[in-house]
Amino acid sequence: FQFFFQFTIFFFFSHTLYFSVEMFMDCVCCADVLVAVAIAVIGLLYYMGIFHMVRFIDGDFPKRYVYGIPYRGPFKNLGKQFEKLGNILKSEDLKPTNLIGIYHDDPKVVAQKDLRSFVGASFEDPLPSDIAERLESIGLKYQVVDAFSAKTTYFPFRNSFSYMIAPFIVYSKCLEIRDCCEEDKEGGVMEIYQEKAIQFVFPRKIALHPIPEHWE
């Protein structure tokens, strides 16, 4: 009987210890998983530029010849306009210096439906007259952006999410340069979409006047 009692006690405590260790290891594993997930999330946010330090520098924007699509409405809907422009450029076998977006209105001041923007393809030189006429015949508008001085900054481009993340971070910092830029409701800011970065351009003077005929 004594042997049976001792064996029962040993069996009980050994199994209790086993399950306690197993539960502890499960907790450790869960903690490891949580740490791994947290590191992965932080790494992804870092990669996407969430922690990117926005620094504005002085720069000069050269003269460009731009063909594009004027748009009135929420900026968040511009994806379709860029897609339309891209299809036209592809069909014409044209390779612009950069795609750009010119944003004439402040969404904090102007109603969403009235926001004016211009989605364009910029070229260093004027296009041949036959190509220019063909682009205008299918609806693209033409404008010359003269050279101007500006405050500018770059944000790393990773993927399509960068188009949402970059403006949120950069424009939240733009109050720091308001005193350096003369601007009014008829001005604008420019985004230049490069292969590895999005460049934000804030003219020192009103250099990006909207062309009234584009919105008639």
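The second largest pocket of the predicted model has a volume of about 200 Å³. A pocket is here an open set of points on a 1 Å grid over the protein atoms alone, where a 1.4 Å probe fits, with protein on both sides within 12 Å along at least five of seven lines, and its lining residues have an atom within 4 Å of a point. The volume is the space filled by probe spheres set on the points, which are joined across faces, edges and corners. The lining of this pocket consists of 17 residues, with Asp-60, Phe-61, Pro-62, Ile-192 and Gln-199 nearest the centre. Elements giving two or more residues to this lining are β1, β6 and β8, and β1 provides the largest share, 5 residues. The lining comprises 7 nonpolar, 7 polar and 3 charged residues.

The strands (DSSP runs of E, at least two residues, numbered from the N terminus) include 8 that form an open sheet in the order β1-β6-β8-β7-β3-β4-β2-β5, with antiparallel pairing; pairing requires at least two DSSP bridges between strands. Strands β1 (57–61) and β5 (141–145) stand at the edges with a single partner strand each, so one side of each lacks a neighbour in the sheet. From one strand to the next the twist averages 35°. Strand β2 (residues 64–72) runs antiparallel to β5 and is joined to β5 by 5 bridges; Tyr-67 stands opposite Tyr-142 in β5.

The mean pLDDT (the predictor's confidence in each residue, from 0 to 100) of the chain is 78, and 69% of the residues reach 70 or more. Where pLDDT is low, predicted coordinates should not be read in detail.

Residues are numbered from 1 along each chain as its sequence is written, and side-chain values use heavy atoms, with hydrogens and water left out. In this predicted model, local features need pLDDT of at least 70 and side-chain atom pairs count only at pLDDT 80 or more, whereas totals for chains, interfaces and linings use all residues.

Terms used
Helices (H or I, at least four residues) and strands (E, at least two) are DSSP runs, numbered from the N terminus. Axes are lines fitted to C-alpha atoms, for helices over the stretch in contact, and angles run from 0 to 180 degrees between N-to-C directions. Ala, Val, Leu, Ile, Met, Phe, Trp, Tyr, Cys and Pro count as nonpolar, Asp, Glu, Lys and Arg as charged, and the others, Gly among them, as polar.
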